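The structure is shown first.

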Amino acid sequence: MSKEKLIAIHWLPKSYLADTELMDRATEHAYFRLLQYIYLTQDRLPDDDAKLARLLKCKSVAEWRKIKAELLQPRGIDPETGEEIPARIYIEGGKILSKKCTQKLAEASKARRQHSLAGKASAYKRGKWRKSL
């Protein structure tokens, strides 16, 4: 992922609510905040239990570790496909990641590049494009 500044992520409340319907309040709160930090760090959120417990407003590191263990568990079997439903988060290279967040970040980055190119093309057509911008 590039170091570009992220402006917006396409958010689907219906999907989020369906995904978190069976979570207790503390788990859902921590998960929601975790997703926001994954987006803000653009998939570079360190897997540091003490820091995450504070960022996610957990009562203790132990509470965060319990929530984290739940989020790392596969969610069962998809009745339509028979395939395992993956965990909400995973850890790789010392970072906490979410497949959905990674996908949304890639989509946002692509859209931003497309808008930038379209803007530059428009400026070029109007004769207002300069390399020194």
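## Largest pocket

The lining of the largest pocket comprises seven nonpolar, three polar and three charged residues. In this classification Ala, Val, Leu, Ile, Met, Phe, Trp, Tyr, Cys and Pro are nonpolar, Asp, Glu, Lys and Arg are charged, and the others, Gly among them, are polar. The model is predicted: local features need pLDDT of at least 70, side-chain atom pairs count only at pLDDT 80 or more, and totals for chains, interfaces and linings use all residues. Residues are numbered from 1 along each chain as its sequence is written, and side-chain values use heavy atoms, with hydrogens and water left out.

The volume of the largest pocket is about 220 Å³. A volume here is the space filled by probe spheres set on grid points, which are joined across faces, edges and corners. A pocket is an open set of points on a 1 Å grid over the protein atoms alone, where a 1.4 Å probe fits, with protein on both sides within 12 Å along at least five of seven lines; lining residues have an atom within 4 Å of a point. Of the 13 lining residues, Trp11, Ser15, Tyr39, Lys100 and Lys104 lie nearest the centre of the pocket. H1, H2 and H5 are the elements that give two or more residues to the lining. Helices (H or I, at least four residues) and strands (E, at least two) are DSSP runs, numbered from the N terminus.

## Aromatic pairs

Trp11 also takes part in ring pairing. The whole structure holds four aromatic pairs. Rings of Phe, Tyr and Trp (its six-membered ring) pair if their centres lie within 6.5 Å; planes under 30 degrees apart are stacked, over 60 edge-to-face and the rest tilted. Two of the pairs are tabulated.

| Pair | Centre to centre | Angle between planes | Type |
|---|---|---|---|
| Trp11 and Tyr16 | 5.4 Å | 40 degrees | tilted |
| Trp11 and Phe32 | 5.8 Å | 90 degrees | edge-to-face |

Because Trp11 lies in the segment before helix H1 (13-20) and Phe32 in helix H2, their pair ties together parts that are 21 residues apart in sequence. Trp11, Tyr16, Tyr31 and Phe32 are linked by ring pairs into a cluster. Trp11 is partly exposed at 33% relative accessible area, and Tyr16 is buried at 10% (buried is under 20%, exposed over 50%, partly exposed in between; 1.4 Å probe, protein chains only).

## Nonpolar core

The largest nonpolar core has 20 residues, among which Leu34, Trp64 and Leu71 touch the most other members. Such a core is a set of buried Ala, Val, Leu, Ile, Met, Phe, Trp, Tyr and Cys residues joined through side-chain atoms within 4.5 Å. H2, H3, H4 and helix H5 (99-125) each supply at least two of its residues, and H2 gives the most, with six.

Trp64 is in helix H4 and has a relative accessible area of 0%. Beyond four places in sequence, its contacts (heavy atoms within 4.5 Å) include Leu34, Leu52, Leu71 and Ile96. The C-alpha atoms of Trp64 and Leu52 are 7.5 Å apart.

## Positive phi

Most residues other than glycine have a negative phi. Asp43, not a glycine, has a positive phi of about 70 degrees. Asp43 lies in the loop between helix H2 (25-40) and strand E1 (45-46) and is buried, at 13% relative accessibility. Lys57, also not a glycine, has a positive phi of about 60 degrees. Lys57 sits in the loop between helix H3 (49-55) and helix H4 (61-71) and is exposed, at 56%.
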